[in-house]
Amino acid sequence: MADGTESARTESAGASTGGAPPGGGPAPSPEDAYLERRTLRRGSAGPLLLTGLGVAYVVSGDFSGWNFGLAEGGFGGLAIAALLMGLMYACMVFALAELAAILPTAGGGYGFARRALGPWGGFLTGTAILIEYVLAPAAISIFIGDYVESLGLFGLESGWPVYLACFVIFIGIHLWGVGEALRFSLVVTAIAVAALLVFAVGALTDFDAGSLNNIPADHSSFGSSSWLPFGLLGIWSAFPFGMWFFLGVEGVPLAAEETRDPARTLPKAMAWSMGILLLLALLTFLAATGARGPNAVQDAGNPLVEALQPDGKATVLSRIVNYAGLAGLVASFFSLIFAGSRQLFALSRAGYLPRFLSLTSSRKAPYLGLLVPGAIGFALAAWTGDGARMLNTAVFGATISYALMSLSHIVLRRREPGLERPYRTPGGTVTSSLAFVLACSALVATFLVDKDAAFIALGVYAVALAYFAFYSRHRLVAAAPEEEFAALAEAEAELSRD
């Protein structure tokens with residue numbers, strides 16, 4: 001192909017048995033042999049498991065993290081930021097649902113961008129997604145350690161043994177099989193969601209609208225008021241924290257190759273996931289800030305528990321929510337490991353990353369795609385112990401991918417209007433354009449919150465791009481699904497020109 005794509009002929013020839021199979025039939029082609037060693041278990045996920053996966057990606061963000069945005073924008077600033085970020089995610093999810101129905105592959109966002117923006121666009125998007133899904137579990141393992149220590153579980157303290165146990169146990173479940181992994185995730189997520197609803201009922205009984213503006217206003221900030229204590233700029237600075245109510249839901253299409261009837265199932269599951277997350281975000285935000293006021297929870301590592309303990313003493317309800325917070329962290333940690341492994345699998349299978357990383361086990365699990373990111377995540381968690389910095393870096397990668405995925409929808413709608421679309425985004429390119437503008441705004445906002453995290457992500461990006469520019473872009477695998485889709489589109493375009 002003109003972009004440097006080649007077949008996997010050399011590698012797969014060594015992987016095949018050579019000659020005809022025992023039954024006397026024709027020997028598999030090198031391309032078939034290559035893909036046979038890189039196959040996921042199809043049909044393992046239905047609408048319920050995928051909806052649970054979408055909620056699981058995000059649910060830990062309801063228990064902690066979002067509240068730090070109160071220190072950036074106050075109640076009003078974070079409320080507006082969360083509303084705008086919820087709009088961005090809703091628009092993006094509708095756009096991704098259309099793209100997932102067209103291109104149901106494990107590449108997810110990378111596959112969409114590959115079709116619309118070429119190999120460079122695909123690699124840029126896939127790398128950004130990988131940054132998000134490698135760093136976020138590392139950060140969450142640290143938060144799990146903090147919860148384990150604060151709850152006094154087994155007398156353990158937060159540290160590398162707890163982080164290691166997280167990676168070993170939950171990667172082990174993923175290696176067992178995708179169906180088992182998603183069912184485990186669904187159960188833990190259901191516990192966390194039930195606890196959020198119980199929390200909301202308990203906290204709303206103490207709701208006091210008069211306490212929502214109890215953060216003192218900074219009158220040196222332009223546009224400051226009791227509702228916007230840090231002015232209009234505070235709204236922008238709160239964008240990354242408003243994202244925490246939804247961060248990760250875009251990962252549902254990564255399960256496309258393991259989904260039953262993906263063209264129908266993926267759009268439904270993504271819409272249901274987003275609806276549940278919007279409801280949880282509204283209830284959690286209002287209940288937690290209204291019970292004791294934003295000032296009481298803005299710096300808390302466990303804001304929901306803090307909102308239920310006005311005198312600092314634990315209650316039965318606060319203990320339940322505290323344990324459920326641990327369940328929420330486990331659910332997000334577990335599901336993000338899944339997402340990272342599928343993104344790495346797809347990039348490796350297509351040759352963008354070393355091909356051996358996409359090998360699958362006898363149970364059709366991408367074992368190196370699970371073990372390698374897990375080892376990197378554990379090493380980062382044990383070495384830095386800085387969960388907030390890693391999450392901010394993950395958010396930076398996420399916003400880049402959001403902008404590129406939204407752009408991919410716009411490009412495909414304009415360049416390939418006749419493409420069969422089993423599901424169509426409401427509002428068309430207006431919807432994806434709004435998501436694109438808001439994603440770019442959120443990307444800039446990350447520099448307002450944590451410049452170091454943004455530059456760390458840019459450094460990782462630079463190394464990855466050098467690898468792609470000088471090596472892997474000349475060794476792409478034509479037989480990979482994402483490359484075949486792109487090749488087909490190229491051939492159809494040439495025929496139409498003729």
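## Salt bridges

Arg-264 and Asp-261 form a salt bridge through their side chains, with N and O 3.4 Å apart. Arg-264 counts as exposed, at 52% relative accessibility, and Asp-261 is partly exposed, with a relative accessible area of 43%. The model is predicted, and a search of the whole structure gives seven salt bridges.

Another of these pairs joins the side chains of Glu-98 and Arg-421, at 2.9 Å from N to O. Since Glu-98 belongs to helix α5 and Arg-421 to the loop between α16 (387-415) and α17 (429-449), the pair ties together parts that are 323 residues apart in sequence. Glu-98 is buried, with a relative accessible area of 1%; Arg-421 also counts as buried, at 9% relative accessibility. A network of salt bridges links Glu-98, Arg-413 and Arg-421.

Glu-416 and Arg-115 are paired as well, their closest N and O atoms lying 2.7 Å apart.

## Cavities

The count of cavities of 30 Å³ or more comes to five. The largest cavity has a volume of about 180 Å³. Its lining consists of 14 residues, of which Ser-60, Gly-61, Ile-140, Leu-247 and Leu-391 are the closest to the centre. Two or more lining residues come from each of α3 (47-58), α4 (60-63), α6 (109-151) and α14 (316-349), and α6 has the largest share, with three residues. By class, ten residues of this lining are nonpolar, four are polar and none is charged.

The second largest cavity holds about 80 Å³ of space. Among its 13 lining residues, Tyr-133, Ile-337, Leu-370, Pro-373 and Gly-374 are the closest to the centre. The elements giving two or more residues to this lining are α6, α7 (160-176), α14 and α15 (367-384). The lining of the second largest cavity has nine nonpolar and four polar residues, with no charged ones.

## Confidence

The mean pLDDT of the protein is 84, with 87% of its residues at 70 or more. Confidence is highest in helix α5 (residues 70-102), at a mean of 94, and lowest in helix α1 (residues 9-15), at 39.

Over residues 1-22, pLDDT stays under 50; the model has 44 contacts beyond four places in sequence for this stretch.

Methods. Residues are numbered from 1 along each chain as its sequence is written. Side-chain values use heavy atoms; hydrogens and water are left out. pLDDT is the predictor's confidence in each residue, from 0 to 100. Helices (H or I, at least four residues) and strands (E, at least two) are DSSP runs, numbered from the N terminus. Contact means heavy atoms within 4.5 Å. On a 1 Å grid over the protein atoms alone, a cavity is a set of points where a 1.4 Å probe fits but cannot get out, and a pocket is an open set with protein on both sides within 12 Å along at least five of seven lines; lining residues have an atom within 4 Å of a point. Grid points are joined across faces, edges and corners, and a volume is the space filled by probe spheres set on the points. Ala, Val, Leu, Ile, Met, Phe, Trp, Tyr, Cys and Pro count as nonpolar, Asp, Glu, Lys and Arg as charged, and the others, Gly among them, as polar. A salt bridge is a side-chain nitrogen of Lys or Arg within 4 Å of a carboxyl oxygen of Asp or Glu. Buried means under 20% relative accessible area, exposed over 50%, partly exposed in between (1.4 Å probe, protein chains only).
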